[in-house]
Amino acid sequence: MAFRKALKGTAIIGTGAAVALLGLSQFSEYRKTQARLANVATEGELKQPFKDELPTRQAQLSTLQNTEEFDVLVIGGGATGSGCALDAVTRNLQTALVERNDFSSGTSSRSTKLIHGGVRYLQKAIMKLDYEQYMMVKEALHERSNLLDIAPHLSAPLPIMLPVYKWWQLPYYWVGIKMYDLVAGVQCLKSSYVLSKKKALELFPMLKKDKLVGAIVYYDGQHNDARMNLAIALTAARHGAATANYTEVVRLLKKTDAGTGKEKVCGARCRDVITGNEFDVRAKCVINATGPFTDSLRKMDDRKNANICQPSAGVHIVIPGYYSPDNMGLLDPATSDGRVIFFLPWEKMTIAGTTDTPTEVTAHPIPMEEDINFILNEVRNYLSPDVEVRRGDVLAAWSGIRPLVTDPNSKDTQSICRNHIVHISDSGLVTIAGGKWTTYRSMAEETLDMAVTAHGLGGGPSKTVGLMLEGGKDWTPTMYIRLVQDYGLENEVAQHLAATYGGKAFDVAKMASVTGKRWPIVGKRLVSEFPYIESEVRYAVKEYACTAIDVIARRTRLGFLNVQAADEALPRIVEIMGKMLNWSEQKQTEELEAAKKFLYFEMGYRSRSEQLTNTSEITLDTQEVARYTKRFHKFDKDNKGFITTVDVQRVLQNISVQIDENALHEILNEVDLNKNGQVELNEFLQLMSAVQKGQVSDNRLAILMKTAEESLDLRGPVSVDRSGGGV
């Protein structure tokens with residue numbers, strides 16, 4: 001994303017035409033922005049938002065079924081689709097939004113979590129004097145500023161470090177980053193700066209020291225992508241849009257135009273995925289905002305339509321927060337395959353990614369082991385040798401499908417569109433495809449502008465610049481203090497609620513259960529190491545969560561942060577949702593299994609668990625085998641060749657440690673590779689070999705047995721005189 005490989009030896013300094021291009025538009029762009037902001041309609045000119053409760057999902061479905069005709073029907077509840085619905089409804093158009101899964105269930109929840117302009121696109125603009133690329137960056141930087149303003153609780157500026165290991169690269173990178181600041185102009189978040197080697201290591205102590213010359217730090221935005229997407233959809237709902245997740249389009253409805261005799265799209269046949277009930281939703285204009293599934297809907301319109309989507313898979317991994325500073329990201333602009341890799345703090349963890357590989361369109365993309373290892377290898381290149389980058393430290397991994405598109409209006413249909421395309425078919429279907437997260441709002445505005453013109457909808461200009469999203473209006477940086485003082489929440493929990501729900505955090509706090517402890521007074525955690533509390537599950541149902549996956553993946557981000565912690569929290573989540581949604585025992589079991597399957601395949605649990613299998617190679621030397629065998633036999637007193645929960649419990653009692661029997665079963669089950677209810681010596685040696693190679697980390701049995709052994713050794717035998725002489 002920066003000037004890769006020092007622009008391959010090409011100097012930037014001296015590109016006078018490019019600098020002129022950057023400067024000439026700056027003042028006019030500033031004036032244009034101010035004019036647009038001045039023309040934003042006040043809230044009084046919009047339909048009166050819902051003040052209190054959101055309409056229930058059932059109420060929204062009823063509106064969809066009983067409305068004679070909408071002005072706009074948006075298909076797809078990702079960032080772009082939700083943005084289109086919000087743009088339409090705030091133009092006072094009667095708007096419907098349907099999504100066949102959950103809001104943000106696809107690509108929009110699986111991003112790098114950055115709100116950025118695109119330094120690499122700026123490089124191309126300067127090197128090729130490409131005005132289109134330049135304007136794409138310009139637009140993204142404007143949208144970056146707007147998004148940070150309208151959702152301050154969900155987003156914030158993030159400094160990103162670009163380490164430099166060759167002296168001659170320093171001026172090239174510096175000029176490139178300064179150009180980025182210049183293009184942002186008055187919307188520059190903070191000015192970039194150069195760091196000495198010493199200062200760079202102070203700010204990012206994990207960085208590789210050898211040959212480090214210095215570093216450059218620039219600023220982009222970071223956000224909670226799934227929550228941001230949800231905030232857009234909820235804001236549309238509050239302004240009157242009929243929004244429904246788990247509502248699938250079965251086919252498009254068409255009617256013959258009396259004037260032309262041609263068939264025109266006039267709505268869609270929809271199916272409630274939860275109940276199976278089908279119904280028609282009629283609309284003057286239908287918008288296809290289905291991301292990677294763009295072609296599926298285009299072919300519903302006309303089977304002869306050629307594919308325009310060229311999907312690319314991007315894998316990210318999550319590793320512990322100690323791999324990066326709390327508030328400093330890292331950019332690798334020149335990986336071994338030419339793809340930019342980001343290394344970013346997020347939700348007190350560290351995200352690393354992304355890859356870029358062609359893929360097939362699927363609703364359930366799976367992170368592949370080779371992609372995970374590629375990212376880990378690239379991370380090793382930038383971190384100090386003192387920091388052991390272990391495969392076992394990957395807490396979660398996911399794959400998102402980026403919907404690159406070719407323009408159907410272009411004669412050269414083989415060329416990939418750099419930005420996004422809006423296309424209106426002969427039948428009137430409006431398709432918005434491509435683009436990126438940061439520019440969702442401007443893409444929606446352009447889409448509605450074209451739709452309004454093509455279908456004669458009226459409604460006036462877009463009103464979404466500066467329009468606050470759900471929770472943003474009443475948020476302040478210190479509101480978490482009131483949550484602590486007024487409700488007795490833990491400080492960490494209060495900060496999390498404020499940063500997730502903004503002004504709506506008080507509604508979540510009101511639903512929190514009393515703990516029965518002196519402190520915290522309310523707020524039972526779902527898992528001990530994360531600040532997610534049980535009342536968030538209850539509130540999630542009000543936010544249209546229909547499944548346990550909705551809660552662990554999008555209402556909270558637990559599944560994206562730590563698959564084992566999410567797995568641990570699932571039974572309680574299902575129990576709470578079951579009571580609220582009247583699930584039968586069978587339904588609860590199905591929900592639990594579906595969520596476990598989601599974690600196993602889509603969130604990287606399978607890749608994590610496969611690091612230890614019954615075919616894992618033991619690479620221990622003779623002394624190590626002897627040491628670990630001795631440790632094993634401290635538990636296997638009867639020399640059975642295996643240990644059970646009874647053996648472990650007996651040793652723990654000797655060192656005055658108590659662990660619940662169910663927890664012990666779980667601990668042993670992680671290592672019980674043949675699932676016979678016991679851990680054999682060979683399985684234990686496989687575990688210790690995997691731990692030593694870094695394939696497995698934080699294994700509870702390995703740590704428990706090591707700690708127990710050390711405690712037993714410290715005690716030693718009781719002397720005869722201290723035992724009373726044997727009397």
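View 1. Because Arg91 lies in the loop between α4 (79-89) and β2 (95-98), while Asp449 belongs to helix α12 (residues 440-455), the pair ties together parts that are 358 residues apart in sequence. The helices (H or I, at least four residues) and strands (E, at least two) named in these legends are DSSP runs, numbered from the N terminus.

In this predicted model, local features need a pLDDT of at least 70 and side-chain atom pairs count only at pLDDT 80 or more, whereas totals for chains, interfaces and linings use all residues. Residues are numbered from 1 along each chain as its sequence is written, and side-chain values use heavy atoms, with hydrogens and water left out.

**View 2. A salt bridge between Arg572 and Glu534.** The side chains of Arg572 and Glu534 meet in a salt bridge, with 3.0 Å from N to O. This pair links distant parts of the chain, since Arg572 sits in helix α19 (residues 563-581) and Glu534 in helix α16 (residues 534-542), 38 residues apart. Arg572 is partly exposed at 27% relative accessibility, while Glu534 is buried, its relative accessible area being 9%.

View 3. Lys587 forms a salt bridge with Glu591, and their closest N and O atoms are 3.1 Å apart. Here both partners lie in helix α20 (residues 585-601), four residues apart, which is about one turn of the helix. Lys587 is partly exposed, with a relative accessible area of 29%, whereas Glu591, at 7% relative accessibility, counts as buried. Salt bridges that share partners also join Asp102, Asp550, Arg554 and Arg555 into one network. In total, the salt bridges come to 39.

**View 4. The packing of helix α6 against helix α12.** Helix α6 (residues 131-150) packs with α12 at an angle of about 105 degrees, and their axes are 8 Å apart; axes are lines fitted to C-alpha atoms, for helices over the stretch in contact, and angles run from 0 to 180 degrees between N-to-C directions. The two helices α6 and α12 are therefore roughly perpendicular to each other, a label for 65 to 115 degrees, beside roughly parallel for under 35, roughly antiparallel for over 145 and oblique for the rest. On the α6 side the contact is made by Glu139, Glu143, Asn146, Leu147 and Ile150, and on the α12 side by Tyr440, Arg441 and Ser442, contact meaning heavy atoms within 4.5 Å. These residues divide into three nonpolar, two polar and three charged, where Ala, Val, Leu, Ile, Met, Phe, Trp, Tyr, Cys and Pro count as nonpolar, Asp, Glu, Lys and Arg as charged, and the others, Gly among them, as polar.

**View 5. Two cis peptide bonds in loops.** Most residues other than glycine have a negative phi, and most peptide bonds are trans. The peptide bond from Gly353 to Thr354 is cis, with omega near 25 degrees, and Thr354 lies in the loop between β14 (349-353) and β15 (357-358). The bond from Trp519 to Pro520 is cis as well, with omega near -5 degrees, and Pro520 is part of the loop between α15 (505-510) and α16.

View 6. Tyr544, in the loop between α16 and α17 (548-555), has a phi near 75 degrees, a positive value in a residue other than glycine. At 3% relative accessibility, Tyr544 counts as buried. Asn639, whose place is in the loop between α22 (622-635) and β19 (642-643), has a positive phi near 55 degrees. Asn639 counts as exposed, at 57% relative accessibility.

Conventions
A salt bridge is a side-chain nitrogen of Lys or Arg within 4 Å of a carboxyl oxygen of Asp or Glu. Buried means under 20% relative accessible area, exposed over 50%, partly exposed in between (1.4 Å probe, protein chains only).
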